[in-house]
Amino acid sequence: MFNPCSRAMKLVACVCGLALVACALALENGLMRTPPMGWLAWERFRCNTDCKIDPQNCISERLFMDMADRLADDGWKELGYVYVNIDDCWMAKQRDASGQLVPDPERFPRGIKALADYVHSRGLKMGIYGDLGTYTCGGYPGTTLDQIEQDALTFAHWGVDMLKLDGCYSSEDEQAQGYPRMTKALNMTGRPIAYSCSWPAYQGGLPPKVNYTLLGNICNLWRNYGDIQDSWDSVLAILDWYSENQDVLQAVAGPGHWNDPDMLIIGNFGLSFEQSRSQMALWTVLAAPLLMSNDLRMLSQSAKEILQNKLMIKINQDPLGIQGRMILKEKSHIEVFLRPLSHSASALVFFSRRTDMPYRYTTSLARLNFTENAVYEAQDVYSGNIISGLAPEHNFTVIVNPSGVVMWYLYPTMYLEQPLNFVRQQSSMKGFHPLVL
């Protein structure tokens, strides 16, 4: 059994805004050392509870079993997409006589524990939703301060692997008390449960109201901006906010504690092919969780290829866990993002805000702050093509489609101050080999 005392948990006392948060156990649960990957119901299926009219798409055990089957049978699980996450509207409208949360008996007739058992039998993990307040955002029973310990034990008993705790219908003071208190309650259940906090999204997402030092101690990931919608404008709004505040946000992300810009909407209705490729690349360079919200039962082949890109996933899951950032914003409406990776590699994204035609963007690695005396090789993440012999001072050109990206996995192949045979030995030791896509 998982023993919470076996982790290096420490007592912390933090100030968040004007509220003192005293003696909350830090969430040293060893989970989510890389960004979590999986599927989440909300953006695609919302609070559809009418199973008589829409039995295939309503929030029910059937929907989540279907998605678990698709993750297990269609190649997702092997790539790391392992979470099947329930969002709002799964509950009955009232707690039971003992005060416990219970699922809607018609839509989840076998209960959440049976559903979790099924998800686990497919080699996957199950996440659930709660709300730190009197009601969930959809109007279902929330978790008030006096119910935190009870609900944490309920989730552990059911076999839940991840909790997303929303913040509707709660005050600033209740959130300041409740989010750290849930950390302690989850730790004390004896079950490793990853913890997603929506707290910063209710406090504007930025210091001084948001204390990211505290969040890094109590949450595995956190939402800090509004919900994504099925539109390109929504993706751009999130990207803009992350870029404008990257000096704050980049520093607080890392193994076990991630910024969450919200779900991947690839495979739905609001993004073009180029925009879908862009969301995947930009979320990857931001070290974001890859939580899809789509219908895996009817996903197009093109959407599946974007989401199952092995090199993309390798970059997203890089063990250093460094969040990338925008490094250039050109007058030509091309933006360049960079994410440092392990073994001196990097991910580069050339992103076009243009709406007219493909654009030939010419630059050099030196202009992108690659100053090391080295020769580089790049692999195009989507095409698989290899670009060799890239010296920092030499110009190169990429052609970026409107609202599209070119993404490179870049790594050094030769350090010019070293003997050639030494360099080759070092490169082979570090495993810089193109990935077969």
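Buried, in this talk, means under 20% relative accessible area. The model is predicted.

Start with helix 9, residues 273-285. Helix 9 is mostly covered: of its 13 residues, twelve are buried. The buried set includes Glu274, Arg277, Met280, Ala281 and Val285. From first C-alpha to last, helix 9 reaches 19 Å, close to the 18 Å expected at 1.5 Å a residue. Just after helix 9 comes Ala287, with a positive phi of about 55 degrees.

Now helix 7, residues 232-244. Helix 7 also has 13 residues. Its reach is 18 Å, close to the 18 Å expected. Among its buried residues are Ser234, Leu236, Trp241, Tyr242 and Ser243. What do the buried residues of helix 7 pack against? Helix 8 (246-252) and helix 9, plus strand 9 (258-260), strand 11 (325-329), strand 12 (334-340) and strand 13 (346-352).

Next, the pair. Two packed helices are described by the angle between their axes and the distance between the axes. For helix 7 and helix 9, the angle is about 25 degrees and the axes are 11 Å apart. Angles under 35 degrees count as roughly parallel, so helix 7 and helix 9 are roughly parallel to each other. Their crossing is left-handed.

Which residues make the contact? From helix 7: Trp232, Val235, Ile238 and Leu239. From helix 9: Gln275, Ser278, Gln279, Leu282 and Trp283. Six of the contact residues are nonpolar, three are polar and none is charged.

Look at Trp232 and Trp283 on screen. Both sit in the contact. Trp232 is buried in helix 7, and Trp283 is buried in helix 9.

Key:
Residues numbered from 1 in each chain as written. Predicted model: local features only at pLDDT ≥ 70, side-chain atom pairs only at ≥ 80, totals over all residues. Heavy atoms only, no water. Axes fitted to C-alpha atoms, helices over the stretch in contact; angles between N-to-C directions. Helix = DSSP H or I, 4+ residues; strand = E, 2+ residues; numbered from the N terminus. Parallel < 35°, antiparallel > 145°, perpendicular 65-115°, else oblique. Left-handed = near helix turned anticlockwise from the far one by under 90°. Contact = heavy atoms within 4.5 Å. Nonpolar A, V, L, I, M, F, W, Y, C, P; charged D, E, K, R; others polar. Expected span 1.5 Å × (residues − 1). Buried < 20%, exposed > 50% of the residue type's maximum accessible area, 1.4 Å probe, protein only.
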